Amino acid sequence: MKFATKAIHAGQEPDPTTGAVMTPIYQTSTYWQKSPGEHKGYEYSRGTNPTRKALEDCLAALENCKFGLAFSSGMGATDCVLRLLKPGDEVITGDDLYGGSYRIFTKVYAKYGIKFHFIDLSKPENIIPYINENTKLVWIETPTNPTMRIIDIEGVAKITKEKKVLLTVDNTFASPYLQNPADLGADIVMHSVTKYIGGHSDVVMGALLTNDEQLYKDLFFIYNACGATPGPQDSFLVLRGIKTLHLRMKAHCENGAKVAHYLKKHPKIDKIYWPGFEDHPNHDIAKKQMRDFGGMVSITLKDADLKETFRIASRFKVFSLAESLGGVESLVNHPTTMTHGSIPKEEREKVGVTENLLRLSVGVEDIEDLLADLEQALS
C-alpha cells in the first residue's frame, strides 16, 4: 500500500463483534481467560491492548517496519532504548540535540556509568574516532532541534553496521511522511508521537519501530516491565490523527516553504534555518533522504537581546507562544528558556541556540494570515 492508504487502513480491520469501521476504544485493564494462560492474545493492558496494538501496527507500517511499540511519551520511548544499556557502555550522539534527550542522557543515565559523546555529526565519519569496544549506541535526530541540521542516516548506518553498533534515529521532525530511517539502515526509529503524527496538540505519546524481531522482544520486555504504556483513549486519538497525516504534512511543507522564503528576505532576520535552502548545510543530503523539507523553521533576530526577543515572541496573534510542535496550529517557541533550557548556556551557544533564536512550527492555517502575523510581530 502507498503511504496515504497505509495511514488510513494499516493495522485496522473492522471490529469482529460489531463490524465497526473505526477501531473501538478497549477501555479495559484486564481480559477474560478460559483457563489459566488460555486467552485471546490479551492478558493485562499494561502489556497489550487491542486499541494500542492497532496503533502500533499502523505506526510500524508507516515506517516500513515489522514491529511497533507505543509509549506514554517520547521520553518514555527514549528511556526504553537507554535501558538496553549497562554501566560502562558508551553512546555517540549529536551536539545539537533536543533538550529533553540531553537531560535524560546527562542527568539520569550518566549517573549509572554510561558515557555520552556529544559530537558534530555533519559528516558520518566524525563518529569513527569515538567508536570503541564499549560503544553500544549511536543516537541521532535529523533534522535536529532547533537548528535543522541534516545528518546522513545512510552514511552513519553503514558505519554502525560494520562496527556492530545499534543506530537509533529520532524521526520526530520529519515524520514518516517525509523520511523513513529504517529504509536507510537505522535499527530503531523513535518518534515523539505528540508532534506531527498525533498532529492536534491533544495527546502526549512516543513510539519505537524496528524490523529486528529479537530487538523488538528486548524492547517489549522493558516496555511491559517498566510500564510507560499509553491508554486506549490516547491510542484512539492518534489513530484518528494519523488518517490525515499525509494531508497535513503536505500543508505544513507548503506553508513552511513560504514562511522560510518570506523570512529569508526580512530585514529583522539575521539567520534562518530551513533544510530547503540550497545554502543550508547538507541540503543535498536532505534532498536525498527526505521527500520534502517540512514545516519547522528557526530564525535569529538581528541585533536583538533577550528583552527584544521576548517582546517579539509575545506579539504573535496567530502563532501561539508555546512548547511543542507539529500540530495543525502554528506555534512559536523560545528554545533557550523553553525546550532547551536544560542544556548549559555555553553548550547551547556553541551550536547556535542563542537567546535571540526563535523556533517556528508552521501550521496549516491560511498562509496569508501567517505571513501577516509574522509581519506585525516583527514590526
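Colleague: Is Glu-56 buried or exposed?
Modeller: Glu-56 is buried, with a relative accessible area of 5%. Keep in mind that this is a predicted model.

Colleague: Which side chain does Glu-56 meet in a salt bridge?
Modeller: That of Arg-52. The N to O distance is 3.9 Å.

Colleague: And Arg-52, buried or exposed?
Modeller: Buried. The relative accessible area of Arg-52 is 2%.

Colleague: How many residues apart are Arg-52 and Glu-56 in the helix?
Modeller: Four. Both belong to α2, residues 50-62, and about one helical turn separates them.

Colleague: Why does that spacing matter for direction?
Modeller: An α-helix has 3.6 residues a turn, so residues three or four places apart point the same way.

Colleague: Let's stay with α2. How many residues does it have, and how far does it reach?
Modeller: α2 has 13 residues. From first C-alpha to last it reaches 19 Å, close to the expected 18 Å.

Colleague: How many of those residues are buried?
Modeller: Eleven of the 13, so α2 is largely enclosed by the rest of the structure. Among them are Pro-50, Ala-54, Leu-55, Cys-58 and Leu-62.

Colleague: What happens at the start of α2?
Modeller: A side-chain oxygen of Asn-49 comes to within 2.9 Å of the backbone nitrogen of Thr-51.

Colleague: And which residue follows α2?
Modeller: Asn-64 follows α2. The phi of Asn-64 is positive, near 55 degrees.

Colleague: Back to salt bridges. How many does the structure hold?
Modeller: The structure holds 14.

Colleague: Which residue does Arg-83 pair with?
Modeller: Asp-79. Their closest N and O atoms are 2.6 Å apart.

Colleague: What about Lys-345? Which residue forms a salt bridge with it?
Modeller: Glu-349 does, with the closest N and O atoms 3.2 Å apart. Lys-345 and Glu-349 both lie in helix α12, four residues apart, or about one turn.

Colleague: How exposed are Lys-345 and Glu-349?
Modeller: Lys-345 is partly exposed, with a relative accessible area of 40%. Glu-349 is partly exposed too, with 34%.

Colleague: Which residues are linked in a network of salt bridges?
Modeller: Lys-86, Asp-89 and Lys-136 are linked that way.

Colleague: New topic, α4. Which of its residues are buried?
Modeller: α4 covers residues 99-108. Gly-99, Gly-100, Ser-101, Tyr-102, Ile-104 and Phe-105 are buried there.

Colleague: What do those buried residues pack against?
Modeller: Two helices are on the list: α3 (74-82) and α12 (345-350). The strands β2 (90-94), β3 (115-119) and β4 (135-141) are on it as well.

Colleague: Now the open sheet of five strands. What is the strand order?
Modeller: The order is β8-β9-β12-β11-β10, and the pairing is mixed.

Colleague: Which strands stand at the edges?
Modeller: β8 (269-273) and β10 (320-321). Each has a single partner strand, so one side of each is left without a neighbour in the sheet.

Colleague: How many bridges join β9 to β12?
Modeller: Five. Strand β9 is residues 296-301 and strand β12 is residues 357-361, and they run antiparallel.

Colleague: Which residue in β12 stands opposite Thr-300?
Modeller: Leu-357 stands opposite Thr-300.

Definitions and conventions:
Residues numbered from 1 in each chain as written. Predicted model: local features only at pLDDT ≥ 70, side-chain atom pairs only at ≥ 80, totals over all residues. Heavy atoms only, no water. Buried < 20%, exposed > 50% of the residue type's maximum accessible area, 1.4 Å probe, protein only. Contact = heavy atoms within 4.5 Å. Salt bridge = Lys/Arg side-chain N within 4 Å of Asp/Glu carboxyl O. Expected span 1.5 Å × (residues − 1). Polar contact = N/O pair within 3.5 Å; in protein donor to acceptor, adjacent residues only side chain to side chain. Pairing = 2+ DSSP bridges.
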